[in-house]
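User: I want to go through some of the labels used for this model and check each against its definition.

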Amino acid sequence: MNNTALAARPSSFDVNALRRQFPVLARLVRGKPLVYLDNGASAQRPIAVIDAVDDYERHHHANIHRGVHTLSQEATALYESARDKVMDFIHARSRNEIIFVRGTTEAINLVAQSYARPLLQPGDEILITHLEHHANIVPWQMVCEQTGATLIVAPIDAHGEVHFDAVAALMSDRTRLFACAHVSNALGTVLPVRRLIAAAKARGIITLIDGAQAVSHMEVDVQELGCDFYAFSSHKMYGPTGAGVLYGREQLLERMPPWQGGGEMILAVTFAKTTYNGLPNKFEAGTPNISGVIGLGAAVDFLQALDRGAAHAHETALLAHATAALRQIPQLRIVGTAPDKASLVSFVVAGVHPHDLGTILDEDGIAVRTGHHCAMPVMEFFALPATARASFAFYNTFEEIDKLAAGVERARRIFV
Amino acid sequence: MELNDLYRDVILDHNRRPRNFGGLEPSDASVEGFNPMCGDRLTVRLRLADDTISDIRFEGQGCAISTASASLMTEAVKGKTRAEALQLFDRVHKLLTDDAATGADELGKLAALSGVREFPARVKCASLCWHTLASALRSGDPQALPAVSTE
């Protein structure tokens with residue numbers, strides 16, 4: 001291998017100080033320092049998030065919005081302050097536009113069932129792209145089955161790139177809704193969402209952006225994007241699992257019927273008629289994941305305190321380093337080579353099944369995702385059953401990527 | 001726990017050159033096995049002469065453990081009766097999952113799979129083909145069988 005290309009490049013970003021804020025990064029896996037490169041599946045938690053959840057569980061837990069007693073008021077204040085934090089984080093206009101859900105999947109299902117289902121008629125179309133995660137495919141297929149609408153899929157090219165023209169050409173008078181990923185989870189492709197949203201809006205098409213892979217990597221401003229809905233998960237942005245956000249334009253959310261019935265979402269119930277609560281409670285039936293949402297609020301604080309420009313620059317350097325290092329390995333092919341990518345690399349090595357590669361890397365303490373990444377149509381497009389995916393966070397280092405490259409080479413030698 | 005124990009030479013050899021790989025027409029039983037977690041997919045086809053497996057072949061795609069296990073299985077059960085093959089399935093299943101399993105010596109080449117039990121995430125890879133075979137053998141009308149899934 002060419003050592004000049006693999007030499008760790010200096011970075012002004014203080015990665016080691018940052019790493020100390022993530023306790024799990026100090027542990028050993030199979031006797032080796034953990035090299036966590038599965039951030040696309042779930043990112044690790046900083047102490048600030050762990051402490052926020054811990055503090056709530058120890059000192060403030062009660063059900064929210066229900067009691068006049070002190071604990072309930074404290075829990076409610078913590079939960080609702082997370083809503084304000086998320087509103088600021090994505091630059092929403094109003095806290096009423098922030099709906100807490102279990103995650104991206106639930107957010108998309110909510111829009112499919114509450115917005116799209118009452119609206120769609122046979123002959124109407126929903127437009128998505130070929131590189132969507134199953135969570136941005138299946139809810140639309142379900143609502144198409146329920147309404148007789150048709151799902152239209154915009155193509156990708158051999159680099160895994162989504163071209164504006166190819167998608168815009170499929171927007172028609174029949175298109176009611178356009179949904180796409182901000183960043184592809186399987187390939188890392190960053191989609192031209194701003195232009196796509198503008199094109200959809202010009203035709204009166206409602207837009208939903210799956211931001212699960214984006215919010216941890218880039219600043220998201222929903223007003224600047226101009227989308228109608230934006231969905232993301234807490235655990236991919238350093239918060240707890242089981243919490244997520246649906247952003248929706250208030251005007252649309254107002255018109256939408258509740259998705260689930262129950263407590264919290266009502267004003268008054270009689271057996272004759274129930275009056276629904278206003279936003280955002282209308283969409284938050286039942287006791288929510290209070291600690292998860294509080295943890296999400298802490299994750300937002302953590303990210304807001306970070307120099308996100310520097311973090312992004314570091315991630316971009318990691319991607320360049322990983323791409324260069326992996327390309328030196330014989331028989332290795334990077335899958336997804338769009339010019340604009342978030343910091344993840346999907347790849348295959350001829351003769352080495354990704355599953356075997358995952359086991360061999362794990363022996364070195366290296367965690368990568370192997371499989372179809374819940375994006376089977378993408379795998380089918382590239383005629384692959386699976387890939388290995390290394391997805392980076394700002395706490396990863398050049399040395400870790402060198403370990404990955406060495407581990408992949410070691411695996412290759414076992415099988416050739 | 002050693003990688004060498006998982007990827008033994010026998011496993012690597014059967015992965016590189018899987019035996020009895022391909023279609024089998026006509027066949028008396030054809031069952032598809034699927035591991036939705038990793039996308040492994042294989043089809044086991046066999047011919048029965050009276051109650052004996054006279055021929056067996058498999059095809060599909062999977063990791064080295066899955067491919068080698070299927071290859072070794074086809075070699076091991078060819079010529080065996082249904083009951084003998086099912087008995088072997090039980091013993092292999094024990095070998096893959098039970099730390100106290102003994103008698104690996106009697107399993108011949110199949111004993112090479114014993115390293116898998118140290119890697120719990122990979123047991124499904126090794127057992128998929130066996131579950132698929134067992135499903136084919138246990139059914140009265142194997143052609144009508146649904147696909148086997150590890151989930």
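User: What stands opposite Val44(B) in β3(B)?

Analyst: Phe58(B) of β3(B) is the residue opposite Val44(B). This is a predicted model, in which local features need pLDDT of at least 70, side-chain atom pairs count only at pLDDT 80 or more, and totals for chains, interfaces and linings use all residues. Residues are numbered from 1 along each chain as its sequence is written, with chains lettered from A and ligands numbered from 1 in the order in which they are written.

User: What makes β2 and β3 of chain B a pair?

Analyst: Two strands pair if DSSP finds at least two bridges between them. Strand β2 (residues 40-49) of chain B and β3(B) have nine bridges, in the antiparallel sense, so they count as paired. Helices (H or I, at least four residues) and strands (E, at least two) are DSSP runs, numbered from the N terminus.

User: Why are β3 and β4 of chain B called edge strands?

Analyst: The open sheet has four strands in the order β3-β2-β1-β4 (chain B), with mixed pairing. β3 (52-61) and β4 (148-149) of chain B each pair on one side only. Helix α3 (residues 64-77) of chain B packs on this sheet and touches β2 and β3 of chain B; a contact requires C-beta atoms, placed from the backbone, within 7 Å. The direction of α3 makes about 170° with that of β3(B).

User: Why are α13(A) and α15(A) called oblique?

Analyst: The axes of α13 (residues 354-363) and α15 (residues 398-415) of chain A cross at roughly 120° and come within 9 Å. Axes are lines fitted to C-alpha atoms, for helices over the stretch in contact, and angles run from 0 to 180 degrees between N-to-C directions. Under 35 degrees is roughly parallel, over 145 roughly antiparallel, 65 to 115 roughly perpendicular and the rest oblique. The pair α13(A) and α15(A) is therefore oblique.

User: Which residues of α13(A) make the contact?

Analyst: Asp356(A), Leu357(A), Ile360(A) and Leu361(A) do, against Gly407(A), Val408(A), Arg410(A), Ala411(A) and Ile414(A) of α15(A). By class the contact has six nonpolar, one polar and two charged residues. Ala, Val, Leu, Ile, Met, Phe, Trp, Tyr, Cys and Pro count as nonpolar, Asp, Glu, Lys and Arg as charged, and the others, Gly among them, as polar.

Note on methods: Contact = placed C-beta atoms within 7 Å.
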